[in-house]
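Dear colleague,

Please find the structure below, handed over for your records. My findings follow it.

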Amino acid sequence: MVGVFAVSAALRYLRPSPILGPSPVEESWLALALVAVAVLVVVAGWSASMEPAPVTLGLAIVTFGWLAPAWATLPAIPVRVQAVLLALTPVMIAGLNWLLILGTNDDRGTRRGARAVWILTACAVAIPVLGYNPFEDPACVATCTDIRPALAQTLTTRQSIMLSTAFVLAAAIGAGLQLRRRHPARLAGMYAAALVAAASASVVRLAAWSSDWRTDVEAAFTALAVSLGAGAVLAAALATRRTRRDVEELVAELSASEHVPTMKAGAHSVLFSVPDEDRWIDLSGAEASNPTAVRSGQAIDGGAIWLSLPRRGPTNGSATFAELNPATRLVLRNAHLTALGRARLAEVHASRLRILLASDLERKRIERDLHDGAQQRLVSASIHLRLALGHADPAAEDSVSQADRCVQAGLDQLRSLTHGVYPSALTDEGLAAALEDLVASINMPTSLDIQLGREHEINTSLTVYALVADYLTAAARSSVKDTVTVRIDDREGRLTVTFGSGLDLTGQLTDSADRVAAHGGTMATRHQQGQVVLTAVIPCGS
Amino acid sequence: MRVVIADDVMLLRSGLARLLTEASVDVVGEAADADDLLRLVALERPDVAIVDIRMPPTHTDEGLIAARQIRMQFPRTAVVLLSQYLQARYAQRLLADQPGGVGYLLKARVSDIAVLVDAIQRVSEGECVIDPTIVSRLMGRQRANSPLTRLTPRENDILALMAQGRSNSGIATELAVSERTVEATCAQLFRKLQLEPSPDLNRRVLAVLTLLRA
């Protein structure tokens, strides 16, 4: 459609005027410039064909407003319609307004502003249509037909043009006020220049009503307005293409690597929103700062994905995503899900560790309560029973000493119980001493080799302790015959515990395996020279 | 024998005081916390202070700190520390500064008044007394390159009994050997632990310290 308009536009200036003969406008350089404008419009229309339909429609309206007067010279057209076509120049302003009021952020304020602009534009178009008489226009080169327009009684042709120009100016100012809110700076500048050129054409028409150079200048301004409008559309379309290409590059990177892609610094990066939460994560699932506060980049897929691209595309984000090919969209959504999965998994890991630490803390508290409370009371009871024993009559003596034996048995039981709840030697004397005690207390021939460079966090130590305790208990239960070897070292920021025995005891170590995993550690079993070697590795900082 | 008792549990403190009194030990004062204890010791200058390790306000090692202060300011007052559970490091810390005149018993053991009275007696004579449970635990630890690995089983037994505060004759009775044999083995033991004969230092205490440090 745009193409058809453009070709006939070029024709307009190559046809001689039926009345005044060849005008200065038909000098070849100007004709060439006009052909260039037409080509620009065609290219813009073609580029915009992948934009949403309203952009193409806006461009068509601009071109129509530009070309309408040219068709007035066609003899087949009825005289009254010729007059209307000659009066249709303000339609170009309507088209420009259409283009620049297309926007994403349609809040109530801008909607009201847009409505006002449309009313002014409608008046600017309607008044000359109803009040223009080509016969009264001294510069009219298309036709000299004398018709009586509808408003002939109230307005002269000049007055109607004057009124229309006023409305055109008002509408242009109104539209200009909204430019910055809807478009990136570069596009806004082009649209503003197009508006100024179109408005200037109207002003020239009025100001130089009867001078002989009016048509030339008016035509030049009109052509400028059209080419600027088309240029803006072209720029927007090219920017959209660039953005899309960047997105596809990003997607190619995403789909090529199996692991978290390491984005080059300054290149593309992509962030994802967490549903129902006000936070963002990156590809690895790690927390990221809210990108909407930073202006570079754009949100796509309904604001769920944020793309920071090396070249900023001045286009509507959701439109970009809507126009992406389905595979690309799928990859981005897949990356979003993967990142969400990673983030959730990290949360679960953290919460598992927290639960473990909380339970350890609670065990420690219970151990202290038992020692400071129950044990003290039992000891006191025992002391008082001994006192009573000294003064008891022979009849009661038996029952008192019986009671004392019960209390002693209670104390013994309490002691072994508290040790099972929490190994206090660990906090008081460190991992090595606690493990030596452990080995000494379990009836299992064990060779213990501890190579620790430093003391470790109590939680990590407790996990190592629990693992060794579980292993030795399991070995004793499974009647392992040979000596069990236990080796512990803490090189390269990792606590490594290696067990060697004749049996595979991994199945009996579920609890401590969970503990190891909660610390982000791993366990592995291998067979080596008739021995089953179990290795647990726990990260412990550097 | 004049004794003060420091423990924040009143029931236990008073019971202990009565038990000791019945065993003809003169209990000259009771304290509920470390500050009380230090005041009381300064005032009464007792022969022995019986001190619970965990006391207010933090219930961690207030008693241990007070015991070290007592040993430094009033060297004539010996200290028996009572602990809720085995903490070899505490005994080690205390003995490292002030070898001798120090005892370390598990609290669960104090109702056996004979053990307690025996310990009071020994620490007031400048020896050190370590609870048998702790001793056997320390003996159970196997560390490479510890001097204890060079000891024979018999020497180990003697060191363990020594740490519990037994005299040579006590050890001889326990092991059913002659006192002379014990003396000979002790000499061997001290040599292996590289403890040279010295009039000032109680070699028995140093031997126990070696055990604690192992």
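The notes below cover chain B and then its interface with chain A.

This is a predicted model, in which local features need pLDDT of at least 70, side-chain atom pairs count only at pLDDT 80 or more, and totals for chains, interfaces and linings use all residues. Residues are numbered from 1 along each chain as its sequence is written, while chains are lettered from A and ligands numbered from 1 in the order in which they are written.

Chain B has 10 helices and six strands (DSSP runs numbered from the N terminus: helices H or I, at least four residues; strands E, at least two). The six strands make an open, parallel sheet in the order β2-β1-β3-β4-β5-β6, where two strands pair if DSSP finds at least two bridges between them. Because β2 (26–31) and β6 (128–130) of chain B each have a single partner strand, they stand at the edges with one side left without a neighbour in the sheet. Within the sheet, β3 (residues 48–52) and β4 (residues 78–83) of chain B are joined in the parallel sense by five bridges, and B:Ala49 stands opposite B:Val79 in β4(B).

Of the 214 residues in chain B, 48% are buried (20 or more other C-beta atoms within 10 Å of the residue's own, with C-beta atoms placed from the backbone).

At the interface, 21 residues of chain A are in contact with 25 residues of chain B (C-beta atoms, placed from the backbone, within 7 Å). The largest contribution on the chain A side is from α11(A), with 12 residues.

Yours sincerely

How values were computed:
A residue is buried if 20 or more other C-beta atoms lie within 10 Å of its own, exposed if 12 or fewer, and partly exposed in between; C-beta atoms are placed from the backbone. Two residues are in contact if their C-beta atoms, placed from the backbone, lie within 7 Å.
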